[in-house]
Amino acid sequence: MNRNMKLASRILGTYAVIYVAYLYLPVLFLPLFSFNDSIYISFPLRGWTLKWYQVMLANEALHRALMNSLKVGITTALISTVLGILGARAVTRYRLPGQKPVVGVIMLPLVVPEIILAMALLILILRLGGSLGLVSIAAGHILICVPFAMVVLMSRFEGFDRSLEEASHDLGENSWWTFWRVTFPNVLPGIVASLLLTFTISFDEFIMAFFLGSTDPTLPVFMWNQLRFPKLLPGVLALGACILIASVFIVLLAEWFRRRNASDTQTGDMIIG
Amino acid sequence: MCIPILAMGLMSFWQQTGHMSFDMSGTLQNYVEALTRDMYRVLFLRSLGISGLTTLATVVMAFPLAYFIAFYVKRHKMVWIILVTLPFWTSYLLRVFAWKVILGYNGAVNSGLISLGVIGEPLTFLMYNPTAVVITLTHAWATVAILPIYVSLEKIDRSVLEAATDLGDSPFMRFFRVVLPLALPGILAASVLIFIPTVGDYVTPSLVGGSDGYMIANVIQFQFSRGSNWPSGAAISLTSMTIVAVLVAAFAWSARRLSGRN
């Protein structure tokens with residue numbers, strides 16, 4: 001029995017290592033080829049170079065796209081986190097009639113294919129006489145980011161002891177000051193995590209940005225446009241490598257914030273939703 | 001959230017008469033076409049087939065890993081969890097593009113094999129077909145499968161397992177009669193979370209699918225752009241949304257029934 005356990009452990013352990021390698025290897029091809037001194041993305045490697053990074057840094061259109069993505073990302077992160085705070089607070093603190101269906105509708109973007117949402121928004125915006133551009137992209141991003149913000153924040157609000165708020169009321173604080181001085185500091189890690197996650201989602205999002213954007217692209221759409229020209233590919237790889245590193249950094253930061261005090265089971269529940 | 005979908009629903013009953021002008025008198029023609037034209041049927045079936053395969057492959061591959069983390073990793077569980085979730089947050093476009101780099105005509109696999117002298121000509125069957133789409137999607141969605149399964153395994157009360165052993169179940173029997181049914185909610189959640197977004201995926205079929213690997217999202221996109229038949233695009237969107245919802249509901253219901261009997 002014990003020997004069986006050990007054998008199973010060894011087999012599963014080997015499998016796990018292979019699996020993780022399988023997760024990471026394809027993505028690592030991008031930085032690998034970004035240092036390759038050849039315009040073709042193929043073996044054998046020709047030698048190391050940093051010139052694709054110089055090409056990337058010199059590209060004006062890329063800078064514009066990056067700024068666009070940052071604008072949209074920051075706007076999305078701020079608005080969807082504020083909406084997430086209001087939603088999470090309403091759901092965890094009060095029992096409102098019709099609450100379940102409302103939460104269901106808010107979570108709907110998680111289970112509707114994104115392209116359908118994008119097209120539905122496109123119809124709505126154009127029928128209402130709106131124009132396409134960074135604002136419409138941000139609107140689409142907020143729609144898909146609010147559920148994520150709410151889930152992250154709900155786990156934080158639920159883990160928070162309500163008697164602290166009651167104590168604050170008993171000690172004579174009004175609701176506004178109670179929220180500001182008691183609730184807010186307690187949920188701050190959740191808020192920071194929500195800001196970082198929604199920013200990352202918006203920054204990486206392609207479908208909405210592609211269909212709801214005008215000729216002024218965000219970074220993923222810019223990359224998409226570059227993919228059609230083989231000559232430009234190495235520059236895209238260099239850019240991709242930088243984006244990968246930046247996303248990993250932001251996500252680790254968000255994880256770190258969210259894990260402070262939040263227990264493991266909440267993490268799991270968040271993912272299942 | 002509801003308003004855009006309602007607007008889409010409304011438009012699906014119109015007819016396009018010119019550039020951004022519509023006959024709003026209401027017709028079922030778009031739905032009739034969406035359901036009867038052969039091209040749409042092929043694309044619907046192909047999209048469902050590709051996502052079904054992707055879901056199956058992803059869940060089957062993720063299960064042993066989730067099992068390993070839940071039952072065999074004693075310390076540093078969180079390190080493992082972060083390790084497997086991290087790729088999910090990196091750019092989706094880049095993860096898909098990585099497979100184009102790997103499988104392409106001059107890609108890593110072909111050029112690598114040629115420079116090693118294994119093959120003389122690039123292999124053309126690697127890319128621009130449904131298989132390439134399934135491979136790419138399976139990789140891109142791997143993380144989403146692991147977490148729900150891991151959580152459901154982690155929640156299993158260890159004393160239940162001991163009880164099964166004490167009552168004479170072999171480890172093999174115990175796995176099928178105790179562990180698997182208890183892990184079913186996680187497997188279910190993982191399947192739904194992968195199936196729904198992959199049916200409507202646009203990036204992957206466009207980049208690695210080729211014309212044989214086009215999916216329903218490509219035709220939706222076409223109707224809204226060069227095809228310039230928005231009402232038809234709206235009808236196709238809503239039809240696919242409905243089909244997916246019905247399938248998912250049926251799947252969840254039958255899985256519940258199945259586990260209830262066990």
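**Cavity, helix and core in a predicted model**

In this predicted model, the lining of the largest cavity draws at least two residues from each of helix H5 (114-127) of chain A, helix H12 (216-224) of chain B and helix H13 (230-261) of chain B.

Q: What makes the lining of the largest cavity nonpolar, polar or charged by class?
A: The lining has nine nonpolar, two polar and no charged residues. Gly counts as polar, and B:Gly200 is among the lining residues, as are A:Pro113, A:Ile115, B:Met241 and B:Val244. About 40 Å³ of space lies in this cavity, and the structure holds six cavities of 30 Å³ or more.

Q: How do you know that the span of helix H8 (residues 142-154) of chain B agrees with its number of residues?
A: At 1.5 Å a residue, the 13 residues should span 18 Å, and the end C-alpha atoms are 19 Å apart, which agrees.

Q: Why is H8(B) called largely enclosed by the rest of the structure?
A: Buried means under 20% relative accessible area, and 12 of the 13 residues of H8(B) are buried, so the helix is largely enclosed. Among the buried residues are B:Ala142, B:Pro148, B:Tyr150 and B:Leu153.

Q: Which residues have the most contacts inside the largest nonpolar core?
A: Within this core of 146 residues, they are B:Met8, B:Tyr67, B:Leu153 and B:Val203. Helix H3 (residues 38-71) of chain B gives the most to the core, with 14 residues. Leaving aside its neighbours within four places in sequence, B:Met8 is in contact with residues including A:Ile116, A:Met119, B:Phe224 and B:Leu238.

Technical notes. Residues numbered from 1 in each chain as written. Chains lettered and ligands numbered in written order. Predicted model: local features only at pLDDT ≥ 70, side-chain atom pairs only at ≥ 80, totals over all residues. Heavy atoms only, no water. 1 Å grid on protein atoms, 1.4 Å probe; cavity = no way out; pocket = protein on both sides within 12 Å on 5 of 7 lines; lining within 4 Å. Points joined across faces, edges and corners; volume = space filled by probe spheres on them. Helix = DSSP H or I, 4+ residues; strand = E, 2+ residues; numbered from the N terminus. Expected span 1.5 Å × (residues − 1). Buried < 20%, exposed > 50% of the residue type's maximum accessible area, 1.4 Å probe, protein only. Core = buried A, V, L, I, M, F, W, Y, C linked by side-chain atoms within 4.5 Å. Contact = heavy atoms within 4.5 Å.
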